[in-house]
Structures are given as C-alpha cells and as structure tokens.
Amino acid sequence: MAGTVTVFVPRETAALSLGADEVAAGIVATGIARRLDIDLKRNGSWGMSWLEPLVEVVVGGERLAYGPVAADDVASLFDAGFLSGGDHPLKLGPTFAIPYLRNQDRWTFRRCGLIEPLSVAEYRANGGFDGFEKALHLGAGGILQEVKDSGLRGRGGAGFPTGIKWQTVADAPADQKYIACNADEGDSGTFSDRMLMEGDPFTLIEGMLIAAVAVGASKGYVYLRSEYPLARSVFSKALSAARESGWLGSNINGAGFDFDIDLHLGAGSYVCGEETAMLESLEGKAGLIRYKPPLPAIEGLFGKPTAVNNVITLASVPEILARGSAVYAALGKGRSKGTLAFQLAGNIRRGGLVEKAFGFTLRELIEDWGGGTFSGREIRAVQVGGPLGSYFPAELLDTPLDYEAFVQAGGMIGHGGVVVFDDRVDMAEQARFAMEFCAIESCGKCTPCRIGSVRGVEVIDRIIANEDRAANLALLEDLCDTMVDGSLCAMGGMTPFPVRSAVKYFPTDFEKPFETDFADGSAVQPKAGVSQ
Ligand SMILES: Cc1cc2nc3c(=O)[nH]c(=O)nc-3n(C[C@H](O)[C@H](O)[C@H](O)COP(=O)(O)O)c2cc1C
Ligand code: SF4
C-alpha cells in the first residue's frame, strides 16, 4: 500500500446507532498504530441501512464496500488488507455494483453517500448549484414552466403539483413572500427527509433558492422535528457554510438576489406536519390547524404568500433544472412522474431507502429490495403512507407504486414510507392503535376528530372484548363516516383508512374469542392468529 488511502464511514443516524463512530475511531487508531496513512471521510448514508455501518475504501479510483462493520471487525479488516481491497467475509465489492443501489434511479439522492455533506467544494464538483445557476438564467417564468413540465408533485403526502403551487405564490401580489420547508417527517417508517438533510444538505438549500427565485421570496424557513438532532446539527452547519461561501445571504452569486434560511425546531406534535399547523407553530403559536381557504400560497406565514413544500419535493428541483424537465418527466408512470425515495421499515430484512421511478410494484420493493420479512415469516400486512395509510393484505402486493394506482386500491403513497408486518400481527390491535394515535395527536379543533377518535378506541375495545360485536362494528362504520365527512383536516379525515382496511381485509382478527386466563378473571387480549 502506497500513499494516502481514503476511507469513508457514514455519519448518519442509523449508522451511528449501529456504532459508526466507534468503527471510525477504530480505523483511525489502528491506522496510526500500524503507521498507515488514512484520510477518513464521514459521508452520509447510501441508504442501505441493513449494511450499516458501511465502510468504503477507495482503491484504484473505485469505492469498495465492507459491511456491516462492527468495531470488533476493524483489526481483522486491517489484517485482511482492506485498505488495498483485501478479501474479508464482510467485503461486498464495488459500492455501485451492490444490486440494492445499482437497481435504483438515484435522482434526488444521487449525491447522498457520495460526498462529504458539509463540503461546498465537493458539492460543486458533483454538479451542486448547477440547477440554481440555470434557474437564474431562466428567470421566474422559465423555472415555473420547467417545474410544471417535469410533473413534480409534492412528496410530503398530498401529491399536489409543485409547479401550480409555486405559480399561485408567484401570482399573489405581496411585499414579502416565504418558502417554508416541511421537515417535520412524522409519518411512521419514514426517514428520507432526515437522510437527505444529514447526507446532502446543500441540495435542500439549493432547492429552496430555486423556489425563492421562482416565487419572488427573500426568506425561507425549515421546520425540523426535534427528534432529529444530527439533521439539526448538519443542516445548521450547512447554512453557515452556504452563507460563508456566498450561496445564501445578500447578492447571492453576484446575481443581485437575496435569500436566507432560518431553521426552526418542532416540539414533537404529529399534526404540526400539516402545513397550516406548521405555519401556526412557526409563528410561535400552538399547532392548531387553520381553516382553508385562504390557502397558504395566498395567505400563509405571517399572512404572506408562502410556498410550503416537503424536503424531498424541494431537493428534487435542482436536478430537474440542471438536467431539464423532460428527463425527469420521462421517468415514472402516468401522472406519477419522476422518482420517489421509498423507505423500507418494520419487519423487513433489508431496511433502507430505495429511490426509484414510479411504476414498479410494492411486491418488487418489498421482496427484491427488502428481501421479505426480517423474521422470515409470511408477510401479512403492509402499511404505506404513514399512520393514516391503509393496511394492505398480501393479495395487494402487486399494486403498482404510483399515486393513482394506490388511490384506486384504497391506499395512498404519501411520503413513501413502507412498514411491513408478518403473520403474527394482530390487526384489531393495529386498528385500535390508529384510533389511539389520532386521539393522542388530534389538535382538538374539530369534534369528529377530537371526540370521534376517543370514541373509536372505546368501540374497538368493545369489539375486541366481544361485546355485542355486530352492533359495535356497525357503530365503528358510522363513526368512520362521520370522521371522513366532518373532520377539518386529514388527521381525522384519514384515520378511518387504516381502521377500515383492517376490518375489511382482516375480519378474523375482529372475531376472535376474548380470553380470560387469570384466576382473578382479569382479561388478556386474544392471541394473534387465533380464530373462532
Ligand atoms: C396530519 C398531517 C401530518 C402531515 N405531516 C407532514 C410532514 O411531516 N411532512 C410533510 O412534508 N408533509 C406533511 N403533511 C402534508 C402537508 O400538510 C403538506 O401537504 C405538505 O407539506 C406540502 O408539501 P408538498 O406539496 O411538497 O408535499 C401532513 C399532513 C397532515 C394532514
Ligand atoms: S381533524 Fe383533528 S387534527 Fe385536523 S383540525 Fe380536526 S381536530 Fe385538528
């Protein structure tokens, strides 16, 4: 081995929770002890969470991967000569040849894992700010046309066309407009916003810059969930680095354009991810939903026109500008254009992030990428789209992953989170959980959600306890109708989706005998899989 060898160890929440810092420290210490010259870089994650900590070494200009590496493996990696690509049981070969990564369509995440997240120079060298420069050249009208032509839809959940939202903000007359980035990422099984902010934060900054030029905003806010301390730290540093290098602040890039971004932390409320509650919270008020209209695009933050967009929506834009809307629009299926960063979680063998053009099936995602359940048992249910998404049974696994196909099947893609359950799951308990979640997280502004969800838990409890089941199932249906029709926002309006899908596809779980096992007659819940 001659010269300095570059080694990558991710600094990303999942990798850190699996010991990435200890692995990095071990590599540095062993390198010093063995008098080897190592340049240790801390990248973001490629999203192959099941392989974390994934250590890469650059050999002959190529990145070779080893993983998952524990601190205890470090000595044996050195003994095997991993710095020159030596064989080791943990050797995975060239990073880009790992099928999980190779078979993706990396667009928004193309730099995540590749570069040091806080290096403006590396970001630039890998196409960073090309999209913004193109945007400055195109001007507001040209950007709006490109974003509309790309077919990009909001990745936060509702899938609303981004170009149309931006046009509305652009057309609203006002002395002040805002870009408000929604990084609350409250959906179960989702982590793409976090991974992007930890692994390639300048892409989000660049997306917000482009949005600002498009709509005429001079100020941006990022609303980040407080449970993401690393994303907070990385993104704060990225903001400082962008300011220091002239990509944020006054007269950006000498173009006579001013824009800056403030980072705000949420306080753990799911409903503050809803755009109007988020705006209330940003204004320092309690996170209650606002009545619509007026739309935030017309009267948003501090009463001014505001483009509220999810992290991934904004972070997809720089590449759309850089490569052209037609390239993006050519990916995907029907009205679901481009790519989505799906997130595999729950009972899954190969959990992680898969960015792929819309149109492949849920089965391909779970089986080809995810490798089936972690337990090795049968898949029984899959929840896509967060806690308000329907539970799909195994029979619906061939549903194509696109917005329309999912709606047709009674579900929603949402933010692309996929949570897998095996055949031991009790779906009556999951239905109860959905109602209980709504009861806990409800902002309380409207009755169908505030009271309905509490009554929903009680009704499901009675069904589970086999108290007048037929009547209580009918009551649950009525209650769901009331919540769908009468709730002010999707929190109460969509909680019936997981509840109803559980009743529809897994009726036997609502028909189980109620067990009273204890000598004192106190009750326990029926065991999963037990049927009458
Ligand atoms: C209860 C609830 C929670 C939500 N949570 C989030 C969230 O955590 N992140 C997000 O981007 N959108 C969330 N949304 C959707 C937002 O209201 C909004 O549609 C989105 O931020 C718009 O950005 P987009 O057009 O880029 O998707 C939530 C919606 C509801 C009803
Ligand atoms: S549906 Fe629930 S969260 Fe939404 S406004 Fe009504 S009470 Fe608040």
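Predicted model: local features only at pLDDT ≥ 70, side-chain atom pairs only at ≥ 80, totals over all residues.
Buried stands for under 20% relative accessible area, exposed for over 50%, and partly exposed for what is in between, with a 1.4 Å probe and protein chains only. Helices (H or I, at least four residues) and strands (E, at least two) are DSSP runs, numbered from the N terminus.

Leaving aside residues up to four places away in sequence, Ile179 touches, among others, Met208, Ala211, Val215, Tyr221, Phe259 and Leu314; a contact means heavy atoms within 4.5 Å. In soluble globular proteins, nonpolar side chains tend to be buried together.

Now to the chain as a whole. Its secondary structure comes to 20 helices and 16 strands, and buried residues make up 57% of the 532 residues. Of the contacts between residues at least 6 apart in sequence, 69% join residues at least 24 apart.

The backbone has a few spots to look at too. Most residues other than glycine have a negative phi, and most peptide bonds are trans.

| Cis peptide bond | Omega |
|---|---|
| Lys292 and Pro293 | about -5 degrees |
| Pro293 and Pro294 | about 5 degrees |

Pro293 sits in the loop between helix H11 (275-282) and strand S9 (306-310), and Pro294 is found in the loop between H11 and S9.

Glu185 has a positive phi, near 30 degrees, and lies in the loop between strand S6 (178-183) and helix H8 (192-199). Glu185 counts as buried because its relative accessibility is 5%. Asp468 also has a positive phi, of about 45 degrees, in the loop between helix H17 (447-464) and helix H18 (469-486). With 57% relative accessibility, Asp468 counts as exposed.

A word on conventions: residues are numbered from 1 along each chain as its sequence is written, while chains are lettered from A and ligands numbered from 1 in the order in which they are written. Local features need pLDDT of at least 70, side-chain atom pairs count only at pLDDT 80 or more, totals for chains, interfaces and linings use all residues, and side-chain values use heavy atoms, with hydrogens and water left out.
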